[in-house]
Structure formats: C-alpha cells, structure tokens
Amino acid sequence: MAGQIVLRVESPDGTKRVQVSPTESSYNLFEKVYNVFSLTNYGFTLFNDRNRKNEIKSSRSVYLSSLNLKHGDKIYLCPLDPDNIWAIPGPSNADSANGSRSSSVVSTPGSTTSLPSNGKKNSGSPSQVEEDEVDKQLWKLDGKIKRLKDKKYCRHGDNGCCVHCSPLEPYDEEYLKTQNMKHLSFHSYLRKMTAGMAKGKFLLLENISCRIKEGCAGHLPWPKGICSKCQPSAITLNRQTYRHVDNVMFENSELVERFLNYWRITGHQRIGFLYGRYEIHPDIPLGIRAVVAAIYEPPQESSRDHVKLLPDDKQDIVNELARCLGLTSVGWIFTDLLTEDMQNGTVKYVRNIKSHFLSAQECIMAGYFQNLHPNPCRYASNGYFGSKFVTVCVTGDEKCQVHMEGYSVSNQCMALVKDNCLVPTKDVPELGFVRESSDKQYVPDVYYKEKDSYGNEVSKLARPLPVEYLLLDVPASTPLTPLNTFSSNKDITQFPVENRLIDGHFQDFDSLCKYLRQFTPLQFYEYISDFHLLLYIATMDMLPMKDSMAPLLEAIKTNNKQAVDEWSKSDVWATLEQLISNTSDSAVSGHVGNGFASAQTESWTCIHCTFMNNSDRQSCDICRLPRDIN
C-alpha cells in the first residue's frame with residue numbers, strides 16, 4: 001500500500017512489526033501495538049531509543065510524520081506493570097504464571113514491604129463468609145431495651161404496655177444520650193440500617209477504596225490518563241457513629257502487672273499482642289466485649305522513647321496455640337510511661353486533650369493491624385467490613401497514676417492506611433498528613449470539617465490532618481471479680497515471658513527447672529496452665545512438643561484436670577522429666593515422684609561444648625543442653 005511504513009517494536013516479550021502511515025496519529029500507533037502484542041490493557045509506553053529518553057506520547061493531534069519515524073525504524077515498548085499487561089505468560093511474568101508470587105499480601109505502614117495476612121482474605125461473597133461466634137449469637141437476639149412500668153405516666157395494669165414503658169430499639173437516640181453512650185454498637189447500627197419495610201434487602205456495606213479502579217480501557221493508565229469511571233471519589237472524614245467492640249476487659253490485674261514488669265525493670269517501653277475471646281456485653285445494647293486472657297510479647301527493640309517490632313518466626317505457632325486454647329488475637333497493647341517520682345510511684349501525664357491521645361504513627365499502626373484482622377459481615381460487599389481489633393495504651397492519667405486507655409480507628413482510617421495514603425508528620429504527633437498524588441500513585445482528596453472563627457462549618461484539606469477524626473474510644477478495664485483462663489498464683493515465681501532479653505528473664509532450660517521446683521507432682525495442672533510456658537515447651541530447641549500437645553491444650557481449654565493429669569504420664573513429658581532429673585546440678589526439689597533430683601557442685605564443664613558453667617546453672621549457657629545426660 002502506497003505511503004505505508006513498517007516499524008519494529010521491541011518489547012520484553014520479543015520484537016514484532018506494525019504497519020502504519022506517516023499521516024496517522026500516535027494514538028493509532030498505540031492501538032496497533034496494543035493489537036499486535038495482544039495486550040490486556042494500555043499499561044505501556046513507547047520510546048524512540050533504548051534508553052527511554054524520547055517518549056512517544058499518545059495523542060490524536062500528533063502525527064507520525066512529526067516524530068521523524070522512517071521505514072524500518074525500531075521503537076521500544078516499556079510495560080508499566082509487566083505482571084498484568086500480557087494476555088499469555090511471557091518472560092516478564094513467568095514467575096506469576098508459575099504461581100510463585102504470593103496471592104495474599106498486605107503492605108506495611110509507610111513502606112512497600114509486604115507481609116502475609118493472618119489468613120482472613122478480604123474477598124469472597126457475603127454468603128460464603130463465616131461470621132464470628134459472638135455475631136451469630138447477637139443475630140438471634142431482638143436487641144430491644146426493656147423498660148419498667150412508669151409509676152407516673154403508665155395508667156394500665158401489670159400485664160399492659162404503653163408508649164411510656166414499651167421496649168426501645170437498640171439504636172434509640174434518647175436512650176443513648178441518657179446513658180451517656182457516645183457510639184452505637186455495630187449490631188445496633190446494622191439493626192438501624194435494616195429497619196423499615198425493606199428489612200435490609202438493599203443494604204450493602206462498601207469498603208472505601210483509595211485506588212484507581214483497574215480494567216479501564218478507554219485511556220492510558222495513570223499517570224498518562226484517568227477518567228471519572230476509574231478515579232476514586234474524594235473522602236470527607238466523618239466521626240464514626242458506631243464501633244465494632246464496645247469494651248476491652250482484662251481477666252485480672254495480674255495480666256497487666258506482668259506486662260508492666262518489663263517497664264518497671266528497664267524503663268523501656270513495650271508492645272504486646274492481646275489474645276482472648278469476644279462475648280456479648282451485658283450493659284450495651286447488642287454490644288461486644290473483648291476479654292483478654294493472655295499477652296504475647298513479640299521480638300522487639302525498645303528504649304525509653306520508642307519501640308521497633310522485629311520479624312517473628314513464631315507468630316504462626318502462637319496463633320495456632322491460641323486457636324487450640326479457644327482464643328484469638330483481639331488487639332495490641334503498648335506502654336507510654338515516663339517516671340515522674342520514683343518514690344511515690346507516679347508517672348507523667350502526657351496524653352490529654354491539650355496534646356494527643358494517640359499519635360499519627362500509632363493510628364497508622366492500629367489501622368495496619370485492623371486491616372490484618374478484618375471483621376466478617378454478612379452485609380459487606382466482599383464479606384468483610386471494619387475490624388474488631390482494638391488498641392490499648394498504658395500511660396499516666398490526670399492523677400499521675402498508671403492506667404489504660406482503649407481505642408480503635410475508623411473504617412476511613414483503615415482505608416487510608418491500606419492504600420498507603422496516610423503518613424505521620426515529623427514534629428507534631430497529633431497531626432497526620434495525606435500524601436499528594438505522584439507518578440506512581442494517585443491519592444484522592446481528603447477533607448475534614450471544622451468551624452471557623454465565625455462559627456461556620458468549613459471543609460479543609462487533610463494536609464495536615466488532626467487524628468482525632470479517626471479515633472473511637474473503647475473503654476478498658478478489669479473486673480471486680482478476677483477471671484482466670486490460666487492458673488494464677490501470686491505466691492510463686494512465674495515462668496519468664498518470651499523475648500525479654502534481660503538477666504533473670506530468659507526462657508531456657510534453666511528457667512524451666514527453677515519454675516518446676518516450686519510445685520509438687522499433684523500440682524501439674526496448676527503449673528502447666530500458663531500461656532508462656534505452653535509456648536516455650538511447644539517451641540524449645542531441645543525437645544519441641546508442639547506435635548503432641550493437642551490433647552493437653554484441649555484439656556486446658558475445657559478445664560478438664562483429669563485429662564491434663566493423664567497427659568502428664570505421656571512419653572514426651574516423661575522424656576522431659578528424665579532430662580531434668582539427669583541434670584547433675586538440678587536444684588529442683590519436691591518432684592521426687594516425677595523423677596526430679598537435687599545435687600550441688602561448685603562448677604562444671606559441659607560435656608557437649610566444653611564450656612565452663614557456674615554451679616547454679618542446670619543447662620549450659622552456650623548450647624542450652626542439660627548439664628549431664630547419663
């Protein structure tokens with residue numbers, strides 16, 4: 001055909017030819033390249049040279065003759081997303097085709113690092129979602145607030161009912177005001193949304209997305225193009241009227257005291273994960289309460305002013321151990337304590353209405369953890385909506401005493417954190433900052449409302465953003481009557497907590513021996529029922545027991561002491577007892593029936609690594625093996 005030229009197009013998937021006319025626009029060139037390579041979208045750019053300096057822009061008003069393209073010239077195709085552009089697997093996405101890429105990853109706050117989620121996938125139809133047990137129980141309740149007969153206004157008999165004593169809906173505004181309840185429970189909110197003639201037939205809870213919708217073929221991908229169909233909507237931050245968890249209750253004060261011991265010894269801050277269960281809150285209409293039974297402390301680096309979490313290779317084992325005990329991860333706890341007067345035991349009052357309750361970085365961390373633990377919901381478009389994961393901060397109150405404050409962040413904050421739109425400010429902890437759009441990421445406009453000097457409500461761009469718009473209060477407390485999922489005895493020295501790298505708090509064979517010598521053989525249930533001890537014996541290097549602990553964990557879960565005593569006669573526990581009894585310098589006493597013995601020497605040499613150990617050690621400081629095995 002007269003006037004036609006052939007251009008060679010080089011790509012990561014090979015080189016192909018396209019036939020064009022110099023009078024055609026560059027837009028037509030992009031269309032022909034799209035067709036000849038059988039691409040799935042327009043996520044690519046074209047360049048005149050291999051160094052990607054002279055870009056060919058797609059435009060209907062730019063003709064090929066003006067680009068100095070001649071017959072036989074070579075142009076270069078550069079895909080913006082190699083994994084999603086090719087219709088069939090090619091060299092650029094071979095790993096993806098082979099299934100080597102992870103299918104469930106979550107970005108960590110403020111970085112591009114990816115971590116596997118905790119097993120709850122944020123996709124699927126609502127009908128396939130398995131709701132939590134507490135949600136199933138709440139759906140069976142009518143939720144009505146019962147009222148007694150009013151002696152002043154009610155004129156009927158004891159079996160009658162009128163407007164003054166009829167039950168109220170769980171979302172009744174006047175009742176919430178009189179009871180000083182700032183937030184609806186989540187199930188009260190659902191009952192409100194499903195009230196009326198439709199009965200929730202058309203209710204669909206949508207999770208907020210701050211990302212450009214994929215699959216829009218009418219234009220080039222961002223930053224080359226965007227349209228109203230794929231552009232995410234602007235977000236106006238509103239104070240959330242409901243919360244997924246209405247109260248956090250620690251089973252007993254000893255749980256928190258054990259956690260705070262690290263700060264009392266070192267003066268450093270600490271982070272822990274809360275394991276417990278969800279139950280119906282009796283004082284909140286259709287409310288949910290998180291009951292904390294144990295605190296797991298992950299590997300971390302800490303100082304007086306900061307805490308940094310480290311990779312934890314035991315996290316999956318901890319979650320599985322908790323699941324076998326009927327527990328789940330319900331939240332996280334951290335300390336922010338600065339000593340004011342050591343003699344009086346007071347701490348500084350640093351978190352208040354004049355400074356901040358949670359910093360922007362802590363809100364981002366809370367949003368990150370909540371995204372890892374989504375809440376199953378039958379009315380959500382993808383099966384999950386919000387999160388029951390809570391945040392507890394241990395800090396000083398207005399009386400300079402140590403106390404706990406509970407929070408969770410709103411669904412809007414979760415969306416901003418999930419799509420990496422929110423970052424902390426450098427010098428002002430109570431202010432966050434919404435990123436600006438760049439070539440790599442489009443960020444929608446985020447606004448919040450406040451009153452100006454004239455009392456008018458005006459919208460302001462969230463750069464910066466006061467984080468109180470993202471926070472929900474969740475009261476934290478301990479019951480008057482202590483509860484105990486695990487045994488608790490203040491008269492004994494407790495087994496050390498994991499990952500505490502301070503003298504006297506290591507978890508090793510020596511600490512196990514010292515802990516066991518405080519008990520008699522008849523007290524097996526009392527000393528084995530400890531979350532930290534169970535985790536240690538499941539993962540200890542010398543004799544890991546995780547594969548044989550299922551009967552023990554089930555017995556502790558059901559509080560079956562007889563089954564626990566039967567497990568104590570198992571071969572794996574007898575092996576551990578033999579290792580302890582064969583330790584020549586074992587100071588464990590009182591376990592004569594179980595084979596423990598005692599002996600004393602001044603110093604000894606490890607027969608495994610020849611290290612010289614002190615006499616008060618039952619295991620080697622270097623190899624952690626028992627002192628003597630006959």
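Helices (H or I, at least four residues) and strands (E, at least two) are DSSP runs, numbered from the N terminus.

The model is predicted; local features need pLDDT of at least 70, side-chain atom pairs count only at pLDDT 80 or more, and totals for chains, interfaces and linings use all residues. Residues are numbered from 1 along each chain as its sequence is written, and side-chain values use heavy atoms, without hydrogens and water. The chain has a mean pLDDT (the predictor's confidence in each residue, from 0 to 100) of 82, with 88% of its residues at 70 or more. Over residues 584-601 the pLDDT is below 50.

Helix H9 (residues 360-372) packs on helix H10 (residues 411-418) at an angle of about 90°, with the axes 8 Å apart. Axes are lines fitted to C-alpha atoms, for helices over the stretch in contact, and angles run from 0 to 180 degrees between N-to-C directions. H9 is therefore roughly perpendicular to H10, a term that covers 65 to 115 degrees. The contact (heavy atoms within 4.5 Å) involves Cys363, Ile364, Gly367, Tyr368, Gln370 and Asn371 of H9, together with Cys413, Met414, Val417 and Lys418 of H10.

Methods. Angles under 35 degrees count as roughly parallel, over 145 as roughly antiparallel, 65 to 115 as roughly perpendicular and the rest as oblique.
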